[in-house]
Amino acid sequence: MSKMIIGKALPNIPWEDKPQGCTDVMWRFSGNPVIGWNPIPKAARVYNSAVAPFEGGFAGVFRADQKNGRATLFSGKSKDGIKIDLDLDPIQWIDENGKPAPTSYAYDPRVIEIEGEYYVTWCDDMNGPSIGLGKTKDFKTFVRMPNPLMPYNRNGVLFPRKVNGKYLLLSRPSDTGHTPFGNIYVSESPDLVHWGNHKLVMTNGGQGWWQGMKIGAGPVPIETTEGWLMIYHGVSNTCNGYVYSMGAALLDIDNPGKVLYRTRDYILTPEKDYETTGFVPNVAFPCANLFEAETGRIAVYYGADDTYTAIAFAQVDELIDYMKNNSEVF
């Protein structure tokens with residue numbers, strides 16, 4: 001196997017080999033779900049959350065729907081990326097002057113280290129859903145920054161480094177509700193404050209009904225020798241409600257608005273009990289990935305049924321090869 005991921009070694013990445021006889025390009029962790037119902041007193045359900053390498057272990061920001069039903073962000077740590085110790089109280093956000101800057105609601109976070117700081121994006125309330133942006137160095141003190149985009153928007157995902165001297169942010173313009181439409185756009189910024197030059201990246205539809213209604217960026221894109229590997233979610237609208245599945249795309253390394261390859265078929269769709277029976281059934285929503293450059297291993301964290309946190313695995317060379325041989329770009 002040639003080395004394809006451009007990044008750091010992560011020898012303690014959570015990992016489980018593909019089960020014997022499995023022909024899928026992505027497979028589930030046998031210990032799923034890794035977070036179940038009522039994991040801490042103030043949180044009924046923890047899902048659609050983000051984990052990143054931190055100080056030899058892992059840390060993250062987690063969507064926790066509290067027992068009043070409101071979505072809030074909690075911090076958490078883990079030694080192995082599987083057993084996660086959540087803080088007992090929500091993140092207490094401050095502004096850049098150190099004054100309290102609470103959120104109204106906050107959900108579906110992503111976390112990425114850029115130039116020594118950890119940046120958090122999430123769906124924020126800006127008189128309607130928009131993209132929130134904040135940062136932390138220690139997963140204890142969290143500083144809110146200016147919202148990068150106007151309402152209505154969701155699924156804000158930063159790239160892990162500048163491209164052509166600019167920070168990049170993926171997003172999916174939406175409406176005030178559950179949004180029966182949606183495409184992926186990319187925006188750029190010189191300073192993480194001023195954003196513009198918005199460009200369409202990918203649209204929903206094609207031959208794949210699994211992504212026929214809307215799509216949205218998932219985890220932070222992975223830099224590879226073949227391009228930016230972006231795992232995303234696609235949604236179909238069935239007679240029994242929405243179904244959220246996962247796909248993958250390869251974006252041009254110098255022009256991420258250009259799609260090189262895109263999986264025609266989903267790579268993971270709700271099938272297991274914890275993906276089909278829960279608070280919101282039939283949801284597999286990817287929000288984070290860990291990856292290991294030396295071995296090409298990828299661990300994807302996803303929300304299942306708006307109830308659980310689960311993990312799936314892939315091998316980068318297998319996934320990119322599959323993508324090239326089963327691609328539909330539109």
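This is a predicted model: local features need pLDDT of at least 70, side-chain atom pairs count only at pLDDT 80 or more; totals for chains, interfaces and linings use all residues.
Four strands make up an open sheet. Their order is β10-β11-β12-β13, with antiparallel pairing. Which strands sit at the edges? Those are β10, residues 153–158, and β13, residues 196–202. Each of the two pairs on one side only. On average, neighbouring strands here are turned by 30° against each other, ignoring direction.

Now zoom in on β10. Its partner is β11, residues 167–173. The two run antiparallel, and four bridges join them. Look at R154: across from it, in β11, stands R172. As a reminder, strands of a sheet pair through backbone hydrogen bonds.

Next, the surface. There is a nonpolar patch made of W37, F279 and V280. Together they have about 300 Å² of accessible area. Where is W37 found? In the loop between β1, residues 26–28, and β2, residues 45–54. W37 has a relative accessible area of 43%, so it is partly exposed.

Last, the cysteines. How many disulfides are there? The count is zero. A disulfide needs two cysteine sulfur atoms within 2.5 Å. Take C123. The closest cysteine sulfur to its own is in C287, 11 Å away, so that is too far for a bond. Are C123 and C239 buried or exposed? C123 is buried, at 3% relative accessibility. C239 is exposed, at 88%.

That's it from me. Questions, please.

Definitions and conventions
Residues are numbered from 1 along each chain as its sequence is written. Side-chain values use heavy atoms; hydrogens and water are left out. Two strands pair if DSSP finds at least two bridges between them. Axes are lines fitted to C-alpha atoms, for helices over the stretch in contact, and angles run from 0 to 180 degrees between N-to-C directions. Patches are made of residues with over 30% relative accessible area and no salt bridge: like charges are joined within 9 Å, nonpolar side chains (Val, Leu, Ile, Met, Phe, Trp, Tyr) within 5 Å. Accessible areas come from the Shrake-Rupley method with a 1.4 Å probe; for residues, only the protein chains shown count as cover. A salt bridge is a side-chain nitrogen of Lys or Arg within 4 Å of a carboxyl oxygen of Asp or Glu. Buried means under 20% relative accessible area, exposed over 50%, partly exposed in between (1.4 Å probe, protein chains only).
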